[in-house]
Amino acid sequence: MTNHKEIAYADFILHNLDSAVIYPNPYRGKGTKVGWETKELKKVSIASKKGKIVWIGNSNELSDNVKIAANAKFYNGEGLLAVPGFVDSHTHLLYAGNRADEFEMRVQGKTYLEILAAGGGILNTTNAVRSLSEEELFIETANRIELAMQSGVTTIEIKTGYGLDLKNELKMIKVIEMLKEAYPIRIVTTFMGAHAVPADRTNDSDSFVDEICKEWIPAVAETKCAVFNDVFTEKKAFSVEQSRKILNAGLKFGLKPKIHADEVNVLGGVDLAVEVGAVSADHLLMTNDEGIKKLAGSGVIPTVLPGTSTYLMESHHAPARKMIQAGLPVAIASDHNPGSCQFLGANIIQSMAMLQLRMSASESLIAGTLHAAHALSMGNEIGAIEVGRYMDIALFDLESFKQIGYHIGQNYLHDLIINGEPVYSD
Ligand code: NIG
Ligand code: FE
């Protein structure tokens with residue numbers, strides 16, 4: 001046996017951290033086992049090169065194991081806790097205006113679908129989005145991107161779906177590109193032309209679906225900006241049959257399927273997710289034991305959104321515990337949007353996962369980082385502090401990650417590292 005030592009080369013060192021959270025048995029995709037354990041390493045340093053982690057270890061052993069470039073940057077991590085940057089894999093962050101009046105109507109007893117059917121809800125926001133320019137929409141959304149980053153989010157998905165005509169859907173895609181340009185946070189675009197049936201097409205939803213499949217999807221694919229194609233499979237939105245057409249049309253153009261399933265009613269969205277090989281099925285508020293069985297082993301990431309069920313004042317929440325028991329790689333995300341969920345920020349979603357879904361602190365952290373990364377098809381690149389992955393890290397002024405969800409509504413983020421670069425300091 002040779003005593004050969006691998007030397008890592010580094011250009012950025014996160015030095016002398018109090019602790020860093022690693023996942024000893026990370027889920028590595030379809031067919032592999034889900035691990036829910038976390039480990040807090042003490043007195044560690046993390047080194048990266050060109051944005052990727054090359055070494056994690058005891059701070060005393062850094063110089064023996066890592067060759068540090070002459071112009072390398074050091075970041076003093078004394079007193080700080082490092083966790084993987086949060087991944088918010090489901091948001092409708094790009095919108096205009098607000099729906100505070102509808103919020104109050106819901107508090108007084110109107111339901112979300114009643115408000116949508118009366119031309120409010122998503123259609124209300126669609127009018128606001130259509131009336132603004134790209135620059136105005138950018139300004140409306142920039143503040144929310146900053147709030148997400150301030151909570152520790154390093155990757156965020158943003159859906160279209162408030163344009164609901166081709167011109168305005170493409171406008172939303174353009175604004176998301178402007179956000180990608182302006183901010184260091186990783187942004188993933190999801191096309192969601194099938195978010196609602198526009199008010200003037202309600203008697204004619206099949207032809208609206210045909211238009212999405214034949215005209216919008218090819219045009220969206222041509223921009224090369226969107227990765228995913230999402231659909232709202234629900235009463236008063238899109239049937240399973242219509243959703244199938246839309247997701248299959250997207251697949252032909254390289255757009256990977258996602259689905260809003262079982263949010264209010266169980267229509268068969270989970271079966272469709274499995275059938276088309278969706279990357280994720282989201283909401284799953286009403287999903288029953290049969291649905292959980294179908295999801296098991298399918299590779300579809302079940303993404304639960306505890307902020308939404310809370311904001312919709314549901315007494316019932318997604319059956320996350322049963323899903324975990326069934327071995328599913330449960331992910332959590334914010335679903336931030338102007339109607340059904342105004343919660344914004346990874347820390348509050350961590351608290352909601354614990355309080356409403358009864359997930360442990362470890363489960364909530366893994367669900368909001370690694371599994372959420374899988375929900376964006378990035379499960380092997382981001383979402384964990386591991387050699388070979390991007391150095392995307394949230395640094396907190398906390399002793400343990402267990403305090404993130406515990407200090408509900410409080411923010412102890414100290415800094416955010418994205419791609420091996422500090423991008424924010426409190
Ligand atoms: O995920 N359910 C559909 N879409 C969003 C709500 C969007 C809105 O109300 O503006 C959701 O809940
Ligand atoms: Fe949503």
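Colleague: How are things numbered here, and what should I keep in mind about the model?

Modeller: Residues are numbered from 1 along each chain as its sequence is written, while chains are lettered from A and ligands numbered from 1 in the order in which they are written. The model is predicted, so local features need pLDDT of at least 70 and side-chain atom pairs count only at pLDDT 80 or more, whereas totals for chains, interfaces and linings use all residues.

Colleague: Which residues are the closest around ligand 1?

Modeller: They are Ile122, Phe232, Asn337, Gly339 and Ser340, from 13 residues that surround ligand 1. A residue is near a molecule if its C-beta atom, placed from the backbone, lies within 6 Å of it.

Colleague: What makes up that shell by class?

Modeller: Eight polar, three nonpolar and two charged residues. Ala, Val, Leu, Ile, Met, Phe, Trp, Tyr, Cys and Pro count as nonpolar, Asp, Glu, Lys and Arg as charged, and the others, Gly among them, as polar.

Colleague: Why is helix 6 called roughly parallel to helix 7?

Modeller: Helix 6 (residues 166–182) and helix 7 (residues 205–223) have an angle of about 25°, and their axes lie 11 Å apart. Angles under 35 degrees count as roughly parallel, and that makes helix 6 roughly parallel to helix 7. Helices here are DSSP runs (H or I, at least four residues), numbered from the N terminus. Angles run from 0 to 180 degrees between N-to-C directions, with axes fitted to C-alpha atoms over the stretch in contact.

Colleague: Which residues make that contact?

Modeller: Leu166, Glu169, Leu170 and Ile173 of helix 6 and Glu215, Trp216, Ala219, Val220 and Thr223 of helix 7. Two residues are in contact if their C-beta atoms, placed from the backbone, lie within 7 Å. By class they are six nonpolar, one polar and two charged.

Colleague: What is the angle between helix 7 and helix 8?

Modeller: About 5°, with the axes of helix 7 and helix 8 (residues 240–252) 9 Å apart. Helix 7 and helix 8 are therefore roughly parallel to each other. Among the residues that meet are Val209 and Ile212 in helix 7 and Ile246 and Ala249 in helix 8.

Colleague: How do you know that helix 8 is roughly parallel to helix 9?

Modeller: Helix 8 and helix 9 (residues 269–276) pack at about 25°, with axes 10 Å apart. That makes helix 8 roughly parallel to helix 9. Their contact has five nonpolar, three polar and one charged residues.

Technical notes. Helix = DSSP H or I, 4+ residues; strand = E, 2+ residues; numbered from the N terminus. Parallel < 35°, antiparallel > 145°, perpendicular 65-115°, else oblique.
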